[in-house]
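Open the model in your viewer and get ready to click. This tour tells you what to select at each stop.

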Amino acid sequence: MTHSMRTDTYSRYPDGGGRGLRDTAARYALLPLRIFLGVTFVYAGLDKLTDPAFLKASGAGSIGETMRAVRDSSAIPAMVDLALKSPVGFGYAMAFGELAVGIGVLLGLLTRLAAVGGALISLSLWLTVSWAAEPYYLGNDLPYLMAWLPFVLAGAPVLSLDAAWRSRRRRQGAGSLG
């Protein structure tokens, strides 16, 4: 009697997934985190742009006042000094950066690049604004930095423009081979 392994198995899913609840859960595991980070960064960007006090060089609640307050306790005071050269410009850059990152990750558009942007924003905020938090885990920017890393590594494999483009390229590539 001969035993053989069948190699021509068929799956309804192009990537071979979807064989059970565990596979489905694994495929969609990062989606809640992606939605959370995307919504949070869009909200943060819009909040900065619509707060009349924030986008000022000085005064209560301004980006300039915040930067001056954290300068001496930050890990890299020179980074804060750079922001203080043009606090309003820095505030706009932060707001538009957060919007771009949030929209990119929500749509799954250039997700790895958006995640790198989110990680850099979170890193810069951790090294400046929340560096003095004691103990360190009370600073909220470090967990955001860590939350971006899975998207830097994995991108957005499902329900994303990246996945749709990848699937389209795969279909076009298969069509040109046959």
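**Stop one: the pocket**

Select α2 first: α2 gives the largest share of the lining of the largest pocket, 4 residues. Keep in mind that this is a predicted model. The pocket has a volume of about 350 Å³. Its lining counts 19 residues. To find the centre, select Ala44, Lys48, Glu98, Leu125 and Asp141, which lie nearest to it. Now colour the helices α2 (31-50), α3 (63-70), α5 (87-107), α6 (111-128) and α7 (141-154): each supplies at least two lining residues. What kinds of residues form the lining? There are 11 nonpolar, 5 polar and 3 charged.

**Stop two: helix α7**

Show the side chains of α7. Asp141, Leu142, Leu145, Ala147, Trp148 and Phe151 are buried. What covers them? The cover includes α2, α5 and α6. Step just past the end of α7 to Gly155, which has a positive phi of about 70°.

**Stop three: the rings**

The model holds 6 aromatic pairs. Select Phe41 and Trp148: their ring centres are 5.1 Å apart and their planes meet at 85°, so the pair is edge-to-face. Phe41 belongs to helix α2 and Trp148 to helix α7, so this pair ties together parts 107 residues apart in sequence. Are these two buried or exposed? Both Phe41 and Trp148 are buried.

**Last stop: a charge over a ring**

Return to Lys48 and show Phe54 too. The charged end of Lys48 sits over the Phe54 ring, 5.7 Å from the ring's centre.

Key: Residues numbered from 1 in each chain as written. Predicted model: local features only at pLDDT ≥ 70, side-chain atom pairs only at ≥ 80, totals over all residues. Heavy atoms only, no water. 1 Å grid on protein atoms, 1.4 Å probe; cavity = no way out; pocket = protein on both sides within 12 Å on 5 of 7 lines; lining within 4 Å. Points joined across faces, edges and corners; volume = space filled by probe spheres on them. Nonpolar A, V, L, I, M, F, W, Y, C, P; charged D, E, K, R; others polar. Buried < 20%, exposed > 50% of the residue type's maximum accessible area, 1.4 Å probe, protein only. Contact = heavy atoms within 4.5 Å. Phe/Tyr/Trp six-rings, centres within 6.5 Å; stacked < 30°, edge-to-face > 60°. Lys NZ or Arg CZ within 6 Å of the ring centre and 35° of its normal.
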